Amino acid sequence: MNQRWGGRNAILIWCVFGLVLVAAFYIAISGHFYSPIEPFVGGKLQPPSHAFLMGTDELGRDVLSRLIAATGVTLGLSLVSVVLAMLIGTLLGMGAGYNLVPFLTPVILFLGQISIIFPTRWLPLMIVALFGNHALGMVLSMFFSLWGQFFWLMYDESRGLQGRTFIQAAYAVGGTKWKVIIFHVFPYLAPTVLVLATLSFRTAIGVISTLSFLGIGLQPPTPTWGSMIAEAQPYFFQAWWLVVFPIVALIISVLAVNGLGNRFGKRWDVMDRVQGRTRGSEGTDATTVT
Amino acid sequence: MQRRLLDVQGLNVSFPSGQETTVAVKDVNLQMQPGETLAIVGESGSGKSTLALSILKLTHKPSSVQALRMMFDGTDLLHLPERGMQKLRGKDISMVFQDPKTAFHPMMPLGKQLLEALPQGRRREKRQRALEMLSRVGLPDAERQMHAYPHTLSGGMLQRVMIAMALLNQPKLLIADEPTTALDVTVQAGIIRLFARLKRQFQMGMLFISHDLGVVAQLADNVAVMRQGQIVEYGSVERILQHPVHPYTRHLLQMAPRLGGTLPMIGGR
Ligand SMILES: Nc1ncnc2c1ncn2[C@@H]1O[C@H](COP(=O)(O)OP(=O)(O)OP(=O)(O)O)[C@@H](O)[C@H]1O
Ligand SMILES: [Mg+2]
């Protein structure tokens, strides 16, 4: 029991959780509601004070409100992309692995190849160029950076499983193809997929933050962590609070997601299978932005 | 004349891989009467498992299974579509695999896997039947083991669970692919005795695969000796043990240490 909720990583995660809760509660009762995009609700570049807990930016906007909005945007869009990549990658991977629709399998495999021949850092840029820098473009660019991992994981694993005795035994008691896939193959692979999803979340946060940081992400005034950091750069020496808070938010969430992924991975003993499949962790995560 | 339980003629199984093709089973003929135990004996790689799986049409793909005739209890397996095979598997023909530790889904409680072998029906009744069968195969503490995961049981206990699972629907033919090879020697004897008892109680046909003639002597009515995909000698167990014709059979007999002591009938050779 203690083991499950203890450990240094877990304590960090719970501390962050608690802090966020306390902060949300405080904001709710103290009436610190400002619009994240409304300029001049306060003076320009005001340091943190009781009225503006995280200060104001160069346009006199409330940094705390902007950070909250940015968190929602960044994490929300990342979540949508990861879920999409997981569903589509998994479905196509199993479809191709089991040759469910024979004439489509070569097409799917070709798409799968495309997803991994582009370096992770180019693909998002190309997609934003194609689809524009709206929420849709963001989601698609994260999605396309991620889905291939799920696809190849599922493809390899579902093909590997076909030779395993317990799958053969499931057929030997009269199981149909679909029954075996749903009740045996899928439960066997689910933990692996979930761990990969958690770790992909880290990549997704990295992609959206990098795009925003480079100025080709969501356009102002919508805040994201990346754009907040980018916009704050000129004022780094005058107004540390503009840079520090979004960076802290970014680092903490990447660490928390990473910790969670590793934890699940170890708990379910699937780390070996996931390892080496998370792309982009070397280029597009927090280190590029900071 | 009684209807044959199994009648296989001219069976060939091959695995194509790239340029060359491995022929695992070559021109095999087998006949079994209802209630008969036929043992397939042969060294590792002689094609025993492939032969067994081809009867269930479960050979690993890509593979090609061809035969002149493959009849099971009046059903033509050769031309039976996959749906028909699914109805047969686990009901009329069931299988016990070599290594029980790899034959169960590692993340699913045993009870759930057992019930899967039973046809649609009320859960309570299915559970009751499974529990009954578990106690018939001599699994202690069956109620608790239904909730257990495979890795918590010993190999011998797991093999009993798999045997129970195979017998749930009272099959006409039970295929046992080296059911004791993966087990400790001390456990092996118990499982063999279990097979001997179940065979009498269920009056089912049994295709018993082994590389140990000592085991075969205790169970089989007839023996087919396999080597490099072919059956080199086929006959009643007494005949094979007492008057083996093929040199390979004699070689196998010499390799079975237990035979000399336990079976007085092998005098001549
Ligand atoms: N999926 C496969 N693909 C290619 N070749 C195979 C495949 N399965 C079996 N074979 C080949 O068929 C031959 C017979 O294998 P099989 O497993 O039937 O032997 P066996 O008699 O059961 O051996 P063992 O006693 O080790 O279980 C071997 O030469 C093996 O290499
Ligand atoms: Mg074998």
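**Reading the two chains**

Guide: Let us begin with one residue: A85(A) lies in helix α3 (residues 63-97) of chain A. Helices (H or I, at least four residues) and strands (E, at least two) are DSSP runs, numbered from the N terminus. This is a predicted model, in which local features need pLDDT of at least 70 and side-chain atom pairs count only at pLDDT 80 or more, while totals for chains, interfaces and linings use all residues. Residues are numbered from 1 along each chain as its sequence is written, chains are lettered from A and ligands numbered from 1 in the order in which they are written, and side-chain values use heavy atoms, with hydrogens and water left out.

Visitor: Is A85(A) buried or exposed?

Guide: Buried means under 20% relative accessible area, exposed over 50%, and partly exposed in between (1.4 Å probe, protein chains only). A85(A) has 0% relative accessibility, so this residue counts as buried.

Visitor: Which residues is A85(A) in contact with, leaving aside its neighbours within four places in sequence?

Guide: Contact means heavy atoms within 4.5 Å. By that rule, A85(A) is in contact with T90(A), F143(A), L146(A), W147(A) and F150(A), once neighbours within four places in sequence are set aside. For a distance across the chain, take A85(A) and A169(A): they are 84 residues apart in sequence, and their C-alpha atoms are 32 Å apart in space.

Visitor: How many helices and strands does chain A have, and how many does chain B have?

Guide: Chain A has twelve helices and zero strands, so to read along its sequence is to read the pattern α-α-α-α-α-α-α-α-α-α-α-α. Chain B has twelve helices and eleven strands.

Visitor: How does the radius of gyration of chain B agree with that of a compact globule?

Guide: The radius is taken over C-alpha atoms, and the globule rule is 2.2 Å times the number of residues to the power 0.38. For 269 residues a compact globule would have a radius near 18 Å, and the 19 Å of chain B agrees with this. Along the principal axes, the C-alpha atoms of chain B fill a box of roughly 55 × 45 × 45 Å.

Visitor: What is a nonpolar core, and which residues have the most contacts inside the largest one?

Guide: In soluble globular proteins, nonpolar side chains tend to be buried together. A nonpolar core is a set of buried Ala, Val, Leu, Ile, Met, Phe, Trp, Tyr and Cys residues joined through side-chain atoms within 4.5 Å. The largest core here has 142 residues, and those with the most contacts inside it are L11(B), I163(B), L173(B), I175(B) and F195(B). Helix α8 (residues 177-213) of chain A gives the most to this core, with 16 residues. Apart from this core lies another, of 15 residues, among them V41(B) and L241(B).

Visitor: Where is F202(B) placed, and which residues does F202(B) contact beyond its sequence neighbours?

Guide: F202(B) is in helix α8 (residues 185-202) of chain B, and its 13% relative accessibility counts as buried. Leaving aside neighbours within four places in sequence, F202(B) is in contact with M133(B), R136(B), L167(B) and Q170(B). The C-alpha atoms of F202(B) and Q170(B) are separated by 7.0 Å, although these residues are 32 apart along the chain.

Visitor: Which features of the backbone deserve attention?

Guide: Most residues other than glycine have a negative phi, and most peptide bonds are trans. The bond from K61(B) to P62(B), however, is cis, with omega near 0°; P62(B) lies in the loop between α1 (48-55) and β4 (64-66) of chain B. K57(B), in the loop between α1 and β4, has a positive phi, near 55°, and is partly exposed at 29% relative accessibility. D73(B) also has a positive phi, near 50°; its place is the loop between β5 (69-72) and β6 (75-76) of chain B, and D73(B) is buried, with a relative accessible area of 17%.
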